[in-house]
Amino acid sequence: MTITSDNLQRRTTTEDFALLAQVSQMLTMLDRDRLLERVIELTSRALGADRASLVIHPQYHGDWTHLSIRHKTNQNLTERIEGDAAIHFAHRVVDRGLAGWVFKHKVGAVIYDTFADERWHIFPDSTSKARSALCVPLSEGENVVAVLTLLHAEPNHFDDNDLQLMSIVANQAAVAVRNAQLFNRTLQQQRQLEAVLHSIPDVFMVLDENGHILLVNDEAARLLDEEGNIDHLIGRSLASLAHLDSAFGQVAAITSEVAQIGKNWTFETRSEQQRKDFLASVSVWTSAIGSVGHAGYVVIMRDISTMRDLARFKDEMLKMASHDLRSPLALIVGYIDLIAMDTVEIPQVQEYLVIVHRATDKMRGLLDDMLRVEQIRNSPLELHQQVNYRDLVNTVLNDIRPLVDGKLQKLSTDLRLEHLEGIRVNPFLIREAMENLITNAVKYTPENGVIHITSYKQADRLHFSVRDTGVGIPKEALSRLFQSGFRVHQAGTEKIEGRGLGLNLVKTIIERHEGEVWVESEIGAGSTFGFWLPV
Ligand code: ADP
């Protein structure tokens, strides 16, 4: 007879209840293998079987496997088959035995007499002398994940009542296995995540919406706890720890506020305690657990001390060089003028002097640019004046038009500049930044190309961008464009003059206003340079 768990009508006894109670307790067991062994032991003992075994589907083990426990009556002795033998045995009973029948039909079965039931296959080398058997599936939804078989040496040992009871037990056990499986998977994922976290060389933190620490890696713990102990930090608010290291001041200020979805921040910050510079990136994470939304912050801080030191060194060198070169250069220019006056009648010399003059002009321009960047970067910010932004953009467009017309290019605009009368910026510097971007677009776009200018306000940011249909920029050069002195060497731009300082100046100006510059480009198709400013 076969039975499913849906048509149970068994007369229950006190022992049955005891067995069921023991099985329900297993729901909290989290070691799956131990749990399965326990199911076999309990059921085998409860139904007085000589031998009980479980065949487990490969979904749970990578291959079929078999757990078997043999009971010596009235003794607590158990025998186990393990390793390859277990796999071999499992394959055998699934291919031809009763277990295979139950896997296939997904219902339990009682065999009253193994000699008279064709579902029972006698393996010639089997040590089992079973004459009766009971076999039930452990199911997960539609799938049978394991099959439990109980054997006895006498015929008619198991009956339909036993089958009903075992079907209930098997259902419970399947739930317990599923729980253990889920728990182990979660544990494994958590361990993987932890291993990944700790191998990140950057400072890494995850905070909840109130700025309390959910996760930190070793690098972060080293800065925030004297002993570098991660456990000391979990659950604490970053704001209450930020005094320990100056690098966290701005991060703590951001993460103390309500997390606004989609927002992110990138800025440089310095740890005075460690004498290190970091590039910090803070972004908002969100997730929905059930119907409840959660949000918080992910903080990554990369140590850029070496880069910063080099940059400082370079700036210092440039500053010194530009200062020290100005006086001798002025002297050279002065003497060239004198020589020019004294040699008016010698055309050959006049010709040479024109060339020298051009070269010294170029040098002076270079020095002026370098000093200017230096000045903007370091001068106190008496920058901000109330400006009518729309007027400022229009002035730039008027000034730049002859240049565009001169190259027979088309200038198009998309300006949405209502209600921007009282913007606080330094108008001269912002004009300079805009003109620089547009001049570049004109310079690096062939005749008849199109220069498109966009500007609008969105949320608390003022956006400005210049798109061109010019030569474009190779991908590998994009990240270096805003460095001082960097120029792209590519076919088609050899004849275009420049000093590689314009974009560095733009970046300096925009960052002085606490904004950000960006670029997108496709070689041969054109480039878009832009910036945003906070308003
Ligand atoms: P430069 O004086 O060389 O133009 P910039 O700092 O303004 O100096 O620009 C740096 C480099 O970036 C340029 O040499 C050029 O290779 C590239 N570049 C800048 N703007 C554009 C553009 N609109 N299209 C293509 N390349 C550009």
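Start at Met363, which is partly exposed because its relative accessible area is 42%. Buried means under 20% relative accessible area, exposed means over 50%, and partly exposed lies in between (1.4 Å probe, protein chains only). The model is predicted: local features need pLDDT of at least 70, side-chain atom pairs count only at pLDDT 80 or more, and totals for chains, interfaces and linings use all residues. Residues are numbered from 1 along each chain as its sequence is written, and side-chain values use heavy atoms, with hydrogens and water left out.

**Stop 1: helix α11**

Select residues 347–378. This is helix α11, and Met363 lies in it. Helices (H or I, at least four residues) and strands (E, at least two) are DSSP runs, numbered from the N terminus. Now draw a distance from Met363 to Glu226, C-alpha to C-alpha: they are separated by 53 Å. Along the chain they are 137 residues apart.

Stay in helix α11 and pick Gly365. Is Gly365 buried or exposed? Gly365 counts as buried, because its relative accessibility is 15%.

**Stop 2: the largest nonpolar core**

Select Tyr389, Met434, Ile438, Leu481 and Ile510. These have the most contacts inside the largest nonpolar core, which has 44 residues. A nonpolar core is a set of buried Ala, Val, Leu, Ile, Met, Phe, Trp, Tyr and Cys residues joined through side-chain atoms within 4.5 Å. Next, colour helix α13, residues 427–443: it gives the largest share of this core, eight residues.

Centre on Ile438. What does Ile438 touch? Leaving out residues up to four places away in sequence, Ile438 touches Val396, Ile400, Ile451, Ile453, Phe464 and Val466. Contact here means heavy atoms within 4.5 Å.

There is also a second, separate core of 33 residues. To find it, select Val39, Ile40, Leu42 and Ala176, which are among its members.

**Stop 3: His463**

Select strand β16, residues 461–468, and pick His463 within it. His463 counts as buried, because its relative accessibility is 15%. Show its contacts, leaving aside neighbours within four places in sequence. They are Tyr389, Thr454, Ser455, Tyr456, Gln458, Phe531 and Trp532.

**Stop 4: the ligand**

- Gly500: a polar backbone atom is 3.2 Å from an oxygen atom of the ligand.
- Gly502: a polar backbone atom is 3.2 Å from an oxygen atom of the ligand.
- Ser527: an N or O atom in the side chain is 3.5 Å from a nitrogen atom of the ligand.

How much of the ligand does the protein cover? On its own, the ligand has 530 Å² of accessible area, and the protein covers 98% of it. Accessible areas come from the Shrake-Rupley method with a 1.4 Å probe; for residues, only the protein chains shown count as cover.

**Stop 5: positive phi**

Most residues other than glycine have a negative phi. Select His419, in the loop between β13 (410–416) and β14 (423–425). Its phi is near 55°, a positive value. His419 is exposed, because its relative accessible area is 72%.

Move to Asn448, in the loop between α13 and β15 (450–458). Its phi is also positive, about 70°. At 58% relative accessibility, Asn448 counts as exposed.

**Stop 6**

Select residues 83–95. Helix α4 has 13 residues and reaches 19 Å from its first C-alpha to its last. That is close to the 18 Å expected at 1.5 Å a residue; the expected span is 1.5 Å times one less than the number of residues. Its buried residues include Ala86, Ala90, Arg92, Val93 and Val94.

Next, select α5, residues 98–105. Its buried residues are Leu98, Ala99, Gly100, Val102 and Phe103. They pack against β2 (51–56), α4, β4 (108–111), β5 (132–140) and β6 (143–152). Just after α5, Lys106 takes a positive phi of about 60°.

**Last stop: Ala18**

Pick Ala18 in helix α1, residues 14–25. Ala18 is partly exposed, because its relative accessible area is 40%. Draw a distance to Val425: the C-alpha atoms are 81 Å apart, and the residues are 407 apart in sequence.

Note on methods: A polar contact is a pair of N or O atoms within 3.5 Å; within protein, one must be able to donate a hydrogen and the other to accept it, and residues adjacent in sequence count only if both atoms are side-chain atoms.
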